[in-house]
Amino acid sequence: MALVCLFDEAVGLDRFQLGGKGYGLVEMSSIGLPVPPGMIITTEACKKYYAQGGRVPEGLFDELKQKLAKLETLTGRQLGNPEKPLFVSVRSGAPYSMPGMMDTILNLGLNEETAVTLAKRTGNERFALDAHRRFIQMFGKIALGVNGQKFEDILESHKQKLHLKQDTDLGPAELRLIIQEFRDLIKHDTGSELPRDPWAQLQMAVKAVFRSWSNPRAVEYRRYYKIADDLGTAVTLQQMVFGNMGEDSGTGVGFTRNPSTGEKKLYGEYLRNAQGEDVVAGIRTPDSLDTVTAGLRSQIVDVAGKLESHFKEMQDFEFTVENGKFYLLQTRNGKRTAQATVKIAVDMVGEKLINRDEAISRINPAEIDQLLHRTLDPKANVKAIAKGLNASPGAASGIAVFDTNEAAMLGEKGERVILVRPETTPEDIHGIIRAQGLLTARGGMTSHAAVVARGMGKAAVVGCSSIKLDPDNRFFKTADGLIVKRGELITIDGSTGEVLLGNVPMIEPELTDDFRTLLGWADKSRRLGVWANADNPEAARKASEFGAEGIGLCRTERMFNASDRLPIVREMILSEDEEHRKAALRRLFPFQLSDFKDIFRSMAGKPVTVRLLDLPLHEFLPSAEEVMMIMEDQRSKHASASAMEQEARLLAKIRQLSEHNPMLGHRGCRLAVTYPEIYETQTEAIIRAAIEVRREKGETVRVLIMLPLITNVNEMIFLRKHVETAAEHVFAEMGEKIGYKVGTMVETPRAALTAGELAKYADFFSFGTNDLTQTTYAFSRDDAEAKFMSRYLEDKILTDSPFETLDTTGVGRLVRMAKEEGRKTNPHLEVGVCGEHGGDPRSVAFFNEVGLDYVSCSAYRLPIARIAAAQAAIAKSKTVGTV
């Protein structure tokens with residue numbers, strides 16, 4: 001396959017070959033939209049470049065020269081020809097949109113001779129010099145590695161000397177001086193003159209774009225979005241059109257729909273007498289597309305309609321107007337908020353652009369989390385200290401931080417920060433990722449800060465020109481004279497553009513009508529049940545609100561930790577015989593009964609899986625150090641002998657219960673084998689609560705009683721008998737029966753490997769994938785994440801943390817094996833998962849493929865799981881349909 005294709009030769013190739021930018025240009029060109037001609041170096045060339053240790057693939061530049069000759073014939077111009085010069089842009093283009101993360105060089109082909117020709121051809125010397133200045137600045141920074149700030153400093157010094165505000169105010173004489181100083185800077189910093197041969201410049205530019213695939217910001221961005229590192233970037237070469245030729249020229253960015261709200265209304269910005277990077281970089285604040293001339297707006301509206309009709313997606317397009325003529329330079333699926341994603345998908349179904357399955361499939365489940373973020377309480381009595389553009393909705397509070405590296409460092413430590421910058425650049429990506437939100441003094445709704453923040457679901461206020469920012473001294477000053485220093489707490493509202501002082505009250509999220517509609521479609525498409533992990537009535541009610549079809553994990557140890565129960569629990573632990581333990585458990589019984597009834601009322605008619613006590617007993621006791629401090633205090637105050645003796649007994653019990661490895665110690669079912677009365681009492685409370693709720697409401701829950709940490713079939717047999725005995729005792733006492741199931745949490749490799757035996761005595765399995773991952777890897781999750789997991793991911797020993805996304809080859813194999821072996825023994829075995837993997841989209845896809853009955857996760861991840869389960873079912877049906 002050719003490594004270089006002209007646009008018309010590339011029709012039919014996909015974005016993984018052409019990159020997103022190249023693919024969009026080829027598609028637009030093929031449907032007759034006004035696209036300047038060009039060519040694409042495919043991603044395959046970049047892959048070969050890296051495979052060969054950073055060497056350009058053999059024959060690439062020969063092929064490029066042949067295609068360039070065709071482009072020259074097509075345009076009637078030649079690269080480097082002083083009479084009829086061709087000027088090109090050299091742009092990166094990854095298969096997935098990575099806005100601003102890689103490099104672009106514009107105006108290539110300009111040198112002293114061709115700049116003179118350009119000035120004569122256009123009759124605009126200032127424009128030609130400005131274009132030449134821009135090329136030297138970009139090429140020097142990107143291809144030659146000169147510090148970009150040094151160019152900016154030169155530019156700024158000339159503007160200050162002449163008391164000018166904008167680059168466009170610089171005249172020809174000043175631009176000549178700047179160009180010479182740029183050349184001198186390059187010679188000083190690199191030891192060589194700026195190359196003047198455009199062909200040499202082109203080769204260097206192509207290599208620079210290849211290199212930019214592995215620059216730190218691109219790597220960080222791919223890591224954040226989980227984009228593979230081996231995809232490579234394409235390089236697009238395209239004839240230049242100039243938006244900086246005067247007042248009838250300009251550059252703009254448009255969205256076919258509002259990327260913040262999803263509203264079907266043209267959205268974007270236009271900057272007169274400018275080139276594309278001026279808009280994206282946020283150096284100048286552009287005007288809304290609503291302010292452009294009627295003729296230009298008509299063209300933009302027409303193009304927006306054609307783009308949506310062709311791509312059947314909301315498009316983000318870049319355009320340039322050269323001397324009144326309109327050109328398209330890029331289109332891509334637009335970055336948008338989760339709220340906009342949902343609205344656009346639902347609306348496009350209504351407009352018959354796409355069907356329901358397509359609407360569900362284009363949602364990124366991980367981004368759904370954005371819809372469940374809190375917003376500012378409208379009842380809060382607060383006053384804004386400044387207002388900018390509402391670039392990315394949602395609210396965020398944190399300390400004001402003015403340095404990107406500091407924001408990244410503090411965010412890494414868990415500190416909540418708001419990154420405050422004049423404008424953001426792609427180099428700020430590491431700070432943006434770890435900040436709660438962004439505030440910039442410059443830039444528009446389509447600036448880098450706005451686009452990246454929307455894509456990440458972070459609140460952002462941009463173009464807040466009323467603040468005077470001093471990043472070097474780390475403060476900003478409002479129009480009213482209020483000074484906000486580094487470390488002061490501020491709140492930004494990305495929905496209104498307001499900046500507020502301090503921490504503002506927030507409210508819990510609610511599902512929008514569009515989101516409910518989409519979730520309803522998803523529920524009809526999915527096979528997997530979606531249940532929730534909920535330990536108290538409030539969590540159960542929230543789970544119901546978010547569409548839980550049952551509770552897959554109710555942890556009963558949370559019921560023992562409340563302040564009014566803990567003394568009784570400790571009394572039970574300190575009991576020396578069964579009689580005293582049972583007496584303490586009887587005193588706990590009313591609390592457990594009340595808790596279970598509250599949960600069952602919320603979930604009546606649905607299954608509720610109650611895990612019997614799992615924690616080791618020492619977890620309910622204070623530490624030995626705490627007790628020793630109390631005893632020391634008692635001695636100093638000459639406390640009574642009985643008081644001292646009580647603390648001594650407690651300390652002895654703590655030491656007796658102390659374990660070297662509590663996770664693998666006396667906990668779960670082992671505790672109940674030693675003290676069966678604990679599980680008997682819990683079972684009685686569960687069964688009685690279910691019957692009493694049925695008497696109250698006319699229906700009750702489907703009870704599932706889960707035995708934790710079973711690793712041996714005899715544990716299952718032994719404890720099932722005690723559960724059944726306790727249940728029968730309640731039935732006899734109340735004169736009424738209910739159905740119930742007894743099962744186990746599969747959370748060790750041995751349980752998975754002996755699932756066929758366990759299934760003879762278990763009615764259901766629930767995979768506890770958090771602990772199953774720990775025991776399979778021999779990882780302690782807390783220690784792994786604190787000490788070495790980041791290194792494993794960085795060095796690609798692991799591609800994902802196995803605690804976030806299920807390890808399908810190891811842990812997943814145990815899940816598959818246990819499900820299959822269990823069902824062979826017990827065809828009616830119900831099988832689900834209750835670890836937090838139940839809310840991870842990629843893990844959900846695996847659970848669907850394996851054939852589990854349900855996944856269970858925390859309430860706020862339920863919408864994610866519902867969408868992910870539907871997508872998995874849709875993808876599987878498509879796969880089956882093509883076989």
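This report walks through a sheet, a helix pair and a pocket in a predicted model.

## Ground rules

Local features here need pLDDT of at least 70, side-chain atom pairs count only at pLDDT 80 or more, and totals for chains, interfaces and linings use all residues. Residues are numbered from 1 along each chain as its sequence is written, and side-chain values use heavy atoms, leaving out hydrogens and water.

Look for an open sheet of 5 strands in the order 8-7-6-9-10, with antiparallel pairing. Strands are DSSP runs of E with at least two residues, helices are runs of H or I with at least four, and both are numbered from the N terminus; two strands pair if DSSP finds at least two bridges between them. At the edges sit strand 8 (287-288) and strand 10 (325-333), each pairing on one side only.

F319, for instance, has L328 in strand 10 as its bridge partner.

## Helix 2 against helix 8

Helix 2 (residues 43-51) packs on helix 8 (residues 198-212) at about 75°, axes 10 Å apart. Axes are lines fitted to C-alpha atoms over the stretch in contact, with angles from 0 to 180 degrees between N-to-C directions. So helix 2 is roughly perpendicular to helix 8 (65 to 115 degrees).

On the helix 2 side, A45, C46, Y49 and Y50 meet K207, F210 and R211 of helix 8, contact being heavy atoms within 4.5 Å.

## Pocket lining

Helix 29 (769-777) gives the largest share of the second largest pocket's lining, 5 residues.

How values were computed: Angles under 35 degrees count as roughly parallel, over 145 as roughly antiparallel, 65 to 115 as roughly perpendicular and the rest as oblique.
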